[in-house]
Amino acid sequence: MGIFSRRPTAILEPTPAVGPSTPFPAGADTALDPKLRALTGQWTIDRPHSRIGFSVRHAMVTTVRGAFADYDSTLYFDGARPADSRAEIVIRVASVDTGVEQRDGHLVGPDFFDARRHPEMVFRSTSTVYEGGETFRMAGDLSIRGVTRPVQLQLDYLGSVVDPFGFERTGFDGTTTIDRTDWGLVYNQRLEAGGTMVSERVRLQFDISAIRAAPQA
């Protein structure tokens, strides 16, 4: 999770202006690009080719990055009515991997995720807005350690393709920055020279390769 300063809710990273945001009400027939309309349907995150991760400033001078290996996803994208799009991702926090076993053990312990009492971190979308071009803004509720707070993700569409195995897949990048203390992750150490060992601001990163779900029988 990537971290910088305290705020009451999650902060969307600033993005270049792309014209006025257009919240599309359910049922509206919005003239989106045909390639986006064609993506309408159910999708599942392909875990081997995706990354749900974070980055955070450590000791004021470097950045630590990590990711979660174990999660479930339910995605529905509506290319004609983006407001009808929705997503849910359930992450098992004990699967965190920063490349250092001792640090991972600290993260899943009571100072941070407290995985024994709160094994899952959950994101559930509440609304989706088409910003123009290939950019969307998805609002949702993020639950960590039994605390649920609103966040907003910037989602950038990366493209779609039929892979050599015949699977239709599409790619999105999602980012947001949160203040971890809003979810009760308050552990820290002061540095002798000033500042803290772990920044409060955490950057969440969703690098998604999704496969179209098979039609229900």
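Which element gives the largest share of the lining of the second largest cavity? I find that β7 does, with three residues; strands here are DSSP E runs of at least two residues, numbered from the N terminus.

The model is predicted, so I kept to local features with pLDDT of at least 70 and to side-chain atom pairs at pLDDT 80 or more, while totals for chains, interfaces and linings use all residues. Residues are numbered from 1 along each chain as its sequence is written, and side-chain values use heavy atoms, without hydrogens and water.

I searched the whole structure and noted two cavities of 30 Å³ or more, a cavity being a set of points on a 1 Å grid over the protein atoms alone where a 1.4 Å probe fits but cannot get out, with lining residues having an atom within 4 Å of a point. A volume is the space filled by probe spheres set on the points, which are joined across faces, edges and corners.

The largest cavity holds about 310 Å³, and among its 20 lining residues L75, A87, M138, L155 and F172 are the closest to its centre.

I then looked up F172, which sits in strand β10 (residues 168–179) and counts as buried because its relative accessibility is 13%, where buried means under 20% relative accessible area with a 1.4 Å probe, protein chains only. Beyond its neighbours within four places in sequence, F172 has contacts (heavy atoms within 4.5 Å) with residues including F77, F136 and L155.

The second largest cavity has a volume of about 70 Å³, and its lining includes I52, F68 and L142.

Methods: Helix = DSSP H or I, 4+ residues; strand = E, 2+ residues; numbered from the N terminus. Buried < 20%, exposed > 50% of the residue type's maximum accessible area, 1.4 Å probe, protein only. 1 Å grid on protein atoms, 1.4 Å probe; cavity = no way out; pocket = protein on both sides within 12 Å on 5 of 7 lines; lining within 4 Å.
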